[in-house]
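Please look over the sequence and the structure below before reading on.

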Amino acid sequence: MLMDELLKGIKFAQPESHDPSMLIQGIQFNSRKIRPGDLFVAINGFSADGHRYINQAIANGAAAVVGEQNVNGLNVPYYQTSDSRKALARLASNFYGHPSKNHIMIGVTGTNGKTTTAYLLKHIIEQSGMTCSMIGTVNNMINNQAIQSKNTTPDPLELQSLLAESRDEVVIMEVSSHGIEQQRVEGILFDYTLFTNLGNDHLDYHESLEAYFNVKARLFKRMKSQGTAIIASHNEWGKKLQNKLSESGNNVLTFGKQSEDEMQLLNVCTEYFPTIKVRLGETTDFLQVPLPGMHNVWNTLGALLTVQKMGISLKKAASYLSTFNGVPGRFETFSHPAGATFIVDYAHTEDAIEYCYQTAERENAERIIHILGFRGKRDLSKRRDIVALCSDVCSQLILTFDDLNGVPSDRMVEELQKLNEDFADGSAEIIPDRTQAIQHAWEKAENGDWVFITGKGQETYKQSFKLPASTDKQTIQFLKTSKDMVTS
Ligand SMILES: CC(=O)N[C@H]1[C@@H](OP(=O)(O)OP(=O)(O)OC[C@H]2O[C@@H](n3ccc(=O)[nH]c3=O)[C@H](O)[C@@H]2O)O[C@H](CO)[C@@H](O)[C@@H]1O[C@H](C)C(=O)N[C@@H](C)C(=O)N[C@H](CCC(=O)O)C(=O)O
Ligand SMILES: Nc1ncnc2c1ncn2[C@@H]1O[C@H](COP(=O)(O)OP(=O)(O)OP(=O)(O)O)[C@@H](O)[C@H]1O
């Protein structure tokens with residue numbers, strides 16, 4: 001692409017050596033990936049400063065460089081800009097021809113429920129006859145092909161290239177607060193933006209819950225002029241967002257428990273898969289939620305309100321939900337020979353865990369047993385509240401390893417012991433090997449017990465454990481099929 005086309009819409013100081021007709025082959029923000037003729041974008045990141053790699057990028061063949069700092073004496077043009085991350089996203093959008101314009105774009109944000117809502121939306125939209133891509137945590141689905149996902153919201157280069165590759169009419173994106181803060185979605189305008197909720201998470205990254213909220217709220221400035229915000233108003237942060245957006249004249253629709261909500265939840269029948277009574281505008285209807293738990297009632301309502309706005313009637317959308325098969329690693333249920341229920345779930349916040357417990361209590365669980373750990377180095381502030389909650393509710397709490405993320409195992413054991421002493425009165429068991437923790441619960445579980453294994457969902461283990469399994473689901477499947485070998 002010609003340099004002048006590539007730089008459109010980006011503010012920069014033009015170097016003397018600027019050549020508008022210079023041909024740029026590609027864009028990279030990692031010097032190691034540069035190929036001859038590429039443009040290198042230097043980013044001052046969290047652990048490294050890309051400006052230090054400019055010479056390496058040029059040695060690898062970079063034809064030009066964009067960066068924020070004062071840099072002189074390069075033998076290629078250097079374009080100084082005020083925000084390299086923003087410039088990267090705009091460059092990527094220019095390079096791929098603004099591909100988001102070719103799709104109906106739906107962005108889903110919130111602490112919890114993004115993946116589930118995205119799966120529900122995709123299912124309904126496809127059942128209605130439209131084609132649909134999905135970009136998010138579990139994997140990316142483009143033109144019906146699964147592409148492994150590295151991040152919830154990919155970096156701008158990968159994101160714009162996925163959007164360009166997609167021939168689908170609709171693209172649903174999970175948008176993380178990291179993605180918004182790091183400008184990964186700059187250059188994209190959304191037709192629909194959904195807010196699921198906000199809770200205590202990622203406070204190792206954002207300085208406060210308010211700051212975290214403000215970042216999430218920025219997504220709602222990225223709507224097309226006719227775009228619609230769909231907001232869960234049952235959550236105090238949703239209400240706050242609604243007020244903020246209504247003041248600025250945006251189209252806002254809410255779902256919640258109040259008569260002012262566009263979609264109002266009137267009643268929930270406490271079956272495992274809840275039947276709910278809802279009002280949409282003037283019409284009331286009964287619907288079957290295709291997933292267990294009250295949290296999934298909210299996810300379903302968010303999806304239904306969005307597709308209804310897209311022209312799919314509530315009746316049709318609700319009927320499509322009857323063939324929804326669930327979401328990998330989200331409330332996946334497994335039977336147990338003694339009659340216990342084992343659940344693998346991705347809950348890693350206090351409110352997500354509370355929803356799990358509520359579901360078990362509604363199902364008259366005899367005992368709640370919970371196996372969980374904490375990702376090394378991440379979000380230490382939420383651990384104490386989670387352990388206190390779990391030890392309060394559970395008959396048995398087993399603390400184990402999640403992803404150590406570089407923390408030595410004996411150090412993680414000490415961290416778990418301290419949490420146990422300080423917030424669970426020493427009542428938790430600590431079984432570091434995750435597969436052995438699950439095995440222990442499997443062997444002790446009795447009829448009527450509900451055993452939650454949370455935190456990793458569908459993710460593969462980063463450590464090797466004793467049992468030959470690389471996910472929680474595989475561990476359970478191994479225990480189910482090799483009972484004799486395990487108990488002998
Ligand atoms: C902590 C974090 O968020 N890092 C993100 C950030 O990286 P960074 O810019 O800080 O990288 P850095 O390592 O400091 O390097 C700075 C620059 O030097 C460059 N470099 C470095 C070395 C070298 O030899 N040459 C070179 O050019 C790097 O390529 C980079 O451009 O910007 C990159 C570009 O957008 C992201 O890919 C990267 O995400 C990393 C991979 C990541 O895993 N982030 C997680 C925390 C994340 O984003 N998670 C959310 C979900 C959260 C949740 O809901 O659970 C997500 O959306 O996935
Ligand atoms: N609407 C909701 N409110 C609260 N908790 C929820 C909600 N939806 C899902 N959860 C809980 O959060 C977990 C993660 O759900 P999901 O993957 O849909 O959210 P997410 O926002 O994509 O999460 P992440 O950003 O961590 O990938 C679920 O396993 C469940 O325990």
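Lys216 counts as buried because 24 C-beta neighbours lie inside 10 Å, where buried means 20 or more other C-beta atoms within 10 Å of a residue's own, with C-beta atoms placed from the backbone. This is a predicted model, in which local features need pLDDT of at least 70 and side-chain atom pairs count only at pLDDT 80 or more, while totals for chains, interfaces and linings use all residues. Residues are numbered from 1 along each chain as its sequence is written, and chains are lettered from A and ligands numbered from 1 in the order in which they are written.

Lys216 belongs to helix α7 (residues 209-218), a helix being a DSSP run (H or I) of at least four residues, numbered from the N terminus. Apart from neighbours within four places in sequence, Lys216 is in contact with Thr109, Ser177, Ile180, Phe195 and Leu198, contact meaning C-beta atoms, placed from the backbone, within 7 Å. An unreviewed UniProt entry annotates Lys216 as "modified residue: N6-carboxylysine", and such annotations may be inferred rather than shown by experiment.

The chain is divided as the table shows, with bounds from an automatic or database domain assignment.

| Domain | Residues |
|---|---|
| domain 1 | 3-95 |
| domain 2 | 99-323 |
| domain 3 | 332-487 |

The contact between domain 2 and domain 3 takes 15 residues from each of them, and the C-alpha centres of these two domains lie 29 Å apart.

Domain 2 and domain 3 each also give at least three residues to the shell around ligand 2, in which α11 gives the most, with 4 residues.

Methods
Helices (H or I, at least four residues) and strands (E, at least two) are DSSP runs, numbered from the N terminus. A residue is buried if 20 or more other C-beta atoms lie within 10 Å of its own, exposed if 12 or fewer, and partly exposed in between; C-beta atoms are placed from the backbone. Two residues are in contact if their C-beta atoms, placed from the backbone, lie within 7 Å.
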